[in-house]
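Reader: I am new to this structure and would like to go through it step by step. Could you show it to me before I ask about its parts?

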Amino acid sequence: MRISGLFLGVIVVVALLALGQIDVAAVSDAVWATEPSVFWKSLALGLAGMAAMGCYDILALRVAAPGLVGDGFAWATGVKAYGISNLLGFAILTGGAVRFPIYRERGVDLGALTNAMAMSWAAFWLAVTGVIAGVLLFDPGNTARLFDVAPVGLRWLGAALAAGMIVVLIFIGTGRRIVRIRTFTLVFPTLWVALAQTLVALAEVGLAAGALYVVLPEAAGLTFAPFFFAYAIAVSVGLISHSPGGLGAFEASLLLLTGLRATPQVLAALLVYRLVRFIIPFALAALWLSIDWARRSAVRQQK
């Protein structure tokens, strides 16, 4: 934790230094200058990404708590939980705090919920690894220019990452495993569930990346493949930092990896992305949870 905290501190300082050179009024003007069609496209991609995240809970609970929770209920709970935890950070704690009271009413205990969330977390990291490996294998040229290295070296790195993913999937596919650690039971998913969750994660990360990509100024000159590569790494850094929504860590990492300058237009795009990816989903999730809570309270009073 000390290392990650120090890392976050360094990145945030760099980000603040960059922001200090920017005219806040110019950034505000650039935000308001965003074309409505671009904003709505970004919002649609952001909300579609959140909808995809709800599928994590469907697949994970089929393994961790079979027969206890319907798919629609699991999807809705997952969307609400991710809407809250994406903004607040510490996703295991904040997402678990949203899920547990809801799932407990359906008979899901804390161990099963922890198991389900671990599966979803693992699927996300498999997907990020897959994005990085895929870009390095099939489009290393643009990424090589970002880092000023030879494409062949990046292709070999992509091959190594892909091989690692295959080894993990083969390990999962050799049979269902149950590992007991004192009172906690860890259940590995089947190969097909692991693959399905990884595809969900790829879709979710891709949609989220698209939500930012469409609002970036055309002058940025980035094709989607190297941008997707940089985005996946920046999101990972943001998660490791444990800052709310990866704030500071994500932005600084993305600017560093893409070579983008912190111009008012680029910073405006990042602000719009924050709005459609974190703030609006958080507000919708909080409203949805409030309505559910009020409905359950009314039912209890009637009883």
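Reader: What is the handedness of the crossing in which helix 11 passes helix 12?

Author: This is a predicted model, in which local features need pLDDT of at least 70 and side-chain atom pairs count only at pLDDT 80 or more, while totals for chains, interfaces and linings use all residues. Residues are numbered from 1 along each chain as its sequence is written, and side-chain values use heavy atoms, with hydrogens and water left out. A crossing is left-handed if the near helix is turned anticlockwise from the far one by less than a right angle, and right-handed if clockwise. By that rule, the crossing of helix 11 and helix 12 is right-handed.

Reader: Which residues of helix 11 and helix 12 make the contact?

Author: Contact here means heavy atoms within 4.5 Å, and helices are DSSP runs of H or I with at least four residues, numbered from the N terminus. The contact is made by F250, E251, L254 and L255 on helix 11, and on helix 12 by V266, L270, Y273 and R274.

Reader: Why are helix 3 and helix 6 described as oblique to each other?

Author: Axes are lines fitted to C-alpha atoms, for helices over the stretch in contact, and angles run from 0 to 180 degrees between N-to-C directions. Angles under 35 degrees count as roughly parallel, over 145 as roughly antiparallel, 65 to 115 as roughly perpendicular and the rest as oblique. Helix 3 (residues 36-64) and helix 6 (residues 110-138) have axes 9 Å apart and pack at an angle of about 130 degrees. The two helices are therefore oblique.

Reader: At what angle do the axes of helix 3 and helix 12 cross?

Author: Helix 3 passes helix 12 in a right-handed crossing, and their contact includes G46 and M50 of helix 3 as well as I280 and L284 of helix 12. The residues of this contact divide into 11 nonpolar, 3 polar and 1 charged. The axes of helix 3 and helix 12 come within 9 Å, and they cross at roughly 50 degrees.

Reader: Is T223 buried or partly exposed?

Author: T223 is found in the loop between helix 9 (191-213) and helix 10 (224-241), and beyond its neighbours within four places in sequence it is in contact with N142 and Y213. Buried means under 20% relative accessible area, exposed over 50%, and partly exposed in between, with a 1.4 Å probe and protein chains only. T223 has a relative accessibility of 41%, and therefore counts as partly exposed.

Reader: What distance separates the C-alpha atoms of D23 and P264?

Author: D23 lies in the loop between helix 1 (2-19) and helix 2 (24-32), and with a relative accessible area of 48% D23 is partly exposed. D23 and P264 are 241 residues apart along the chain, and their C-alpha atoms are separated by 7.4 Å.

Reader: What percentage of the residues of the protein count as buried?

Author: The protein has 12 helices and 2 strands, a strand being a DSSP run of E with at least two residues. Of its 303 residues, the share that counts as buried is 44%.

Terms used. Ala, Val, Leu, Ile, Met, Phe, Trp, Tyr, Cys and Pro count as nonpolar, Asp, Glu, Lys and Arg as charged, and the others, Gly among them, as polar.
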